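Please consult the sequence and the structure alongside the text.

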Amino acid sequence: MTDNKPIYVTQPSLPPLAELLPYLESIWDSKWLTNGGPFHQQLEVRLAEYLGVGHLALVSNATIGLMVALQALQVTGEVITTPYSFVATAHSLLWNNLQPVFVDIDPGTCNMDPAAIEAAITPRTTALLPVHCYGTPCDVDAIQRIADAHDLHIIYDAAHAFAVRRGGESVLAHGDLSVLSFHATKVFNTFEGGAIICPDAQTKQRIDYLKNFGFADEVTVTAPGINGKMNEFQAALGLLQLKHLAAAIAARRGIAEIYAAELHGVEGIRCLAAPPADVTQNHSYFPIFVEPGYGLSRDGLYEALRKHGIHARRYFYPLISSMPMYRALPSAAAERLPVANRIAQEVLCLPIFSELEHDAARRIAGIVRDAGRGR
């Protein structure tokens, strides 16, 4: 923080311009800008190999990915989901004329509570839309048991879960479909973009049709699709990002370790518990929770950090269930979501990105410690 520039929660990691120029020249020379060009095709293969999944369909962004995934599975009626997420999770349901049913979360992981899922199922429930919040895997085994018992689809919002593994297996392999985000601030980014992880080639083919207006060939339209294609520039950037990804995740891990060590034992500050040993994290976010005993409220700490040029984020606040288009739903009532409402009032995500210097991370942690003591 030597240049006094503001520091935000996440900042895009970009490859050197010299590495990007040959890709741009190739796109320019070929005149193939979109519609499944060579970089698009290469990136689908490379990402599937890197993530350890069988089939992957690139999309223009994760919101479109969620909308297409719901269409691909022909989901109807009610979908049980979390109020503690980015608004796109629930918005994708409304755009598909589906009714969100919100359930409470586990305070330790911030993921949907399987017991709450089970209690919310009705005859109109057809699917579950859980979120791997902050990259922490959901209780995928319990959720799968519930889905199997009630014949429900599962679509995972895996926007935070790029490269997360559990027991040596990609967490993206669970459920019917998983949707990734490649937004500029994510661990892996293509400026904007995303992908849908598919269980088989037939499902990927259907998604490929849906993301291209439903076209099967030049004259055949098979479904009411949408324009959800990733262009060649985005795909080229993704191929370059893969070369630097291991270093970027390692850098994030180092920052997370500094925060955890520096904030250990600070009264009123809780960090997420470390996941089980068989989980490989991507360190996409570093949330802390401002609890009773700290000298300031969460919003007071938020403002204290801003005075030092540190733009932390109350992520996720406000709850989706409190927003005008959702608050009238019976499942959105605050008394039904006590944990989610409490966590939304306590959470603050600290800056974490690969270029953040270790001294800056220590200074940020120091401000958190001192602010609670009135310093």
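## The loop holding Pro-318

Pro-318 belongs to the loop between strand 14 (310–311) and helix 10 (338–346). The peptide bond that joins Tyr-317 to Pro-318 is cis, with omega about -5°. The model is a predicted one, and this angle, like every other value in this report, is computed.

## Positive phi outside glycine

Gln-74 is not a glycine, yet its phi is positive, about 55°. Gln-74 sits in the loop between helix 3 and strand 3. With a relative accessible area of 60%, Gln-74 is exposed, because the cut-off for that class is over 50%.

Asn-97 is a further residue other than glycine with a positive phi, in this case near 60°. Asn-97 follows helix 4 and is found in the loop that leads from helix 4 to strand 4. The relative accessibility of Asn-97 is 70%, so this residue counts as exposed.

Helix 4 covers residues 88–95, and its buried residues are Ala-88, Thr-89, Ala-90, Ser-92 and Leu-93. In general, an α-helix has 3.6 residues a turn, so residues three or four places apart point the same way.

Which elements cover the buried residues of helix 4? The cover includes helix 3 (62–72) and strand 3 (78–81), together with strand 4 (99–102), strand 5 (125–129) and strand 6 (153–157).

## Strands 3 and 4

In strand 3, Glu-78 and Ile-80 point one way, whereas Val-79 and Thr-81 point the other way. All of these residues are buried. Strand 3 runs parallel to strand 4, and four bridges join the two. Within this pairing, Thr-81 has Phe-102 of strand 4 as its bridge partner. Strand 3 and strand 4 are both among the elements that cover the buried residues of helix 4.

## Strands 2 and 10

Strand 2 comprises residues 55–59; four of its five residues are buried, so the strand is largely enclosed by the rest of the structure. Its pairing with strand 10 (residues 194–198) is antiparallel and rests on five bridges. Ala-57 is bridged to Ile-196 of strand 10.

## Helix 2: Pro-38 and Leu-47

Helix 2 spans residues 38–51 and contains Pro-38. Leu-47 lies in helix 2 as well. Is Pro-38 buried, exposed or partly exposed? Pro-38 is partly exposed, with a relative accessible area of 33%. Apart from neighbours within four places in sequence, Pro-38 is in contact with Trp-32 and Glu-232. Pro-38 and Glu-232 are 194 residues apart along the chain, while their C-alpha atoms are separated by 7.7 Å.

Leu-47, by contrast, has a relative accessible area of 0% and is buried. Not counting residues up to four places away in sequence, Leu-47 touches Leu-56, Leu-58, Phe-162, Phe-182, Phe-188 and Leu-242. The C-alpha atoms of Leu-47 and Ile-27 are separated by 20 Å, and these residues are 20 apart along the chain.

## Gln-234 in helix 8

Gln-234 is located in helix 8, which runs over residues 232–263. Its relative accessibility is 8%, so Gln-234 counts as buried, the limit for that class being under 20%. When residues up to four places away in sequence are excluded, Gln-234 touches Ser-60, Thr-190, Glu-192 and Gly-193.

## The chain as a whole

The protein chain contains 11 helices and 15 strands. Its radius of gyration is 21 Å, close to the 21 Å that the globule rule gives for 375 residues, so the chain is as compact as a globular protein of that length. The C-alpha trace spans about 70 × 55 × 40 Å along its principal axes. Of the 375 residues, 54% count as buried. Among contacts between residues at least 6 apart in sequence, 71% join residues at least 24 apart.

The accessible surface of the chain comes to about 16300 Å², and carbon and sulfur atoms account for 53% of that area. There are 29 positive and 37 negative side chains, and the centres of the two sets lie 6 Å apart.

Note on methods:
Residues are numbered from 1 along each chain as its sequence is written. This is a predicted model: local features need pLDDT of at least 70, side-chain atom pairs count only at pLDDT 80 or more; totals for chains, interfaces and linings use all residues. Side-chain values use heavy atoms; hydrogens and water are left out. The radius of gyration is taken over C-alpha atoms; the globule rule is 2.2 Å times the number of residues to the power 0.38. Buried means under 20% relative accessible area, exposed over 50%, partly exposed in between (1.4 Å probe, protein chains only). Contact means heavy atoms within 4.5 Å. Accessible areas come from the Shrake-Rupley method with a 1.4 Å probe; for residues, only the protein chains shown count as cover. Lys and Arg count as positive and Asp and Glu as negative; His and the chain ends are not counted. The place of a charge is taken as NZ of Lys, CZ of Arg, CG of Asp or CD of Glu. Two strands pair if DSSP finds at least two bridges between them.
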